Amino acid sequence: MIPYYENRTVNFQGVDRTYGRSHLACAAHLHHHIELVLLLEGQTVAVSGAERCQLCAGDVFIAFPNQIHRYESVGRECYFLFIVNPDLVPALRDTFFDFLPRSARIPGAAFDPEILDLARRLTAPAGEETHYTELTRAGYLLALFSLLLSHTELIKTVPGDSHALKEVLSYCIRNYQKDLSLSLLEEELHISKYYISHLFSDKLHISFNHYINSLRISYACHALRHTDASVTEISEQVGFGTSRTFNRAFLKQVGCTPRAYRLAEKEKKDPAAPEKRGTT
């Protein structure tokens with residue numbers, strides 16, 4: 001399946017799955033955030049770019065911004081999962097964009113008492129969000145990532161690549177509804193279309209056209225879940241030329257048609273209302 005772009009509107013997500021076991025498995029995806037897994041029980045296969053990691057209890061997996069990654073569950077796992085906007089740790093922001101880990105796996109780090117304590121604090125039930133809550137969270141995140149990165153060998157990306165990739169992705173995210181092409185980006189950003197194509201294949205391991213389709217479908221999924229707009233209207237809103245093209249790309253990306261996806265999402269919210277199926 002083609003990796004998909006996750007349009008994440010929340011700066012921080014901390015998930016505690018340490019009680020009982022659940023499946024970590026998910027399809028290949030990328031986003032602007034840092035993704036972190038602390039595996040406490042079980043085992044899983046985590047893939048980051050071209051690296052395939054066998055994670056065992058005690059291991060940590062980290063995906064830097066815009067790295068394609070996925071998980072293949074062997075069984076059920078107990079874990080902490082964090083998805084964090086780099087802007088929440090400004091002191092380390094440049095590190096996350098200018099470097100990559102030599103390996104996404106950090107052996108045994110999840111059993112470090114300090115790291116485990118920070119993970120628990122970050123997932124503890126909170127009351128009303130306040131400015132002080134945000135400051136406390138930022139402090140915990142800085143401490144957590146500082147500890148983890150001290151156990152990680154970092155490789156500096158090629159000078160210019162990181163900045164150019166951020167500029168290209170930012171432009172695509174702002175203009176995904178338009179008829180985008182490598183030639184248009186070359187004209188708008190004054191970056192060679194051949195270099196842009198190289199960045200996608202070398203850094204993201206995905207073609208430019210597949211990325212754009214993935215980006216559009218991510219926004220389409222959000223609209224299908226949260227609006228009453230028709231499939232045709234959504235197809236036009238996210239930049240597909242025809243409904244046929246949209247349906248074909250959606251089926252390839254998600255594994256079902258847009259209408260089937262909307263019905264499935266409605267059933268999750270209201271499983272007792274099958275009579276509504278014919279209204280979309």
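Is Thr157 buried or exposed, and what is its relative accessibility? In this predicted model, local features need pLDDT of at least 70 and side-chain atom pairs count only at pLDDT 80 or more, whereas totals for chains, interfaces and linings use all residues. Residues are numbered from 1 along each chain as its sequence is written, and side-chain values use heavy atoms, with hydrogens and water left out.

Thr157 has a relative accessibility of 13% and therefore counts as buried (under 20% relative accessible area, with exposed meaning over 50% and partly exposed in between, for a 1.4 Å probe and protein chains only). Thr157 is located in the loop that runs between strand 12 (154-156) and helix 4 (161-174), where helices (H or I, at least four residues) and strands (E, at least two) are DSSP runs numbered from the N terminus. When residues up to four places away in sequence are not counted, Thr157 is in contact (heavy atoms within 4.5 Å) with Phe97, Asp98, Phe99, Leu100 and Ser162.

Ile106, a residue of strand 11 (residues 105-106), is buried at a relative accessible area of 3%. Its contacts, leaving aside neighbours within four places in sequence, are Gly58, Asp59, Val60, Ile62, Leu148, His151 and Thr152. For Ile62, the C-alpha to C-alpha distance from Ile106 is 8.0 Å, and the two are 44 residues apart in sequence.

His31, in the loop between strand 3 (26-30) and strand 4 (34-41), counts as buried at 1% relative accessibility. The side chains of His31 and Glu35 are joined by a polar contact of 2.8 Å, a term that denotes a pair of N or O atoms within 3.5 Å, of which, within protein, one must be able to donate a hydrogen and the other to accept it, residues adjacent in sequence counting only if both atoms are side-chain atoms. Apart from residues up to four places away in sequence, His31 touches Tyr5, Glu6, Arg8, Pro65, Asn66, His69 and Ile83.

Helix 7 (residues 208-226) packs against helix 10 (residues 258-269) at an angle of about 50 degrees, the axes being 9 Å apart; these axes are lines fitted to C-alpha atoms over the stretch in contact, and angles run from 0 to 180 degrees between N-to-C directions. Helix 7 is therefore oblique to helix 10, given that angles under 35 degrees count as roughly parallel, over 145 as roughly antiparallel, 65 to 115 as roughly perpendicular and the rest as oblique. The contact involves Cys221, Ala223, Leu224, Arg225 and His226 of helix 7, together with Pro258, Tyr261, Arg262, Glu265 and Lys269 of helix 10.
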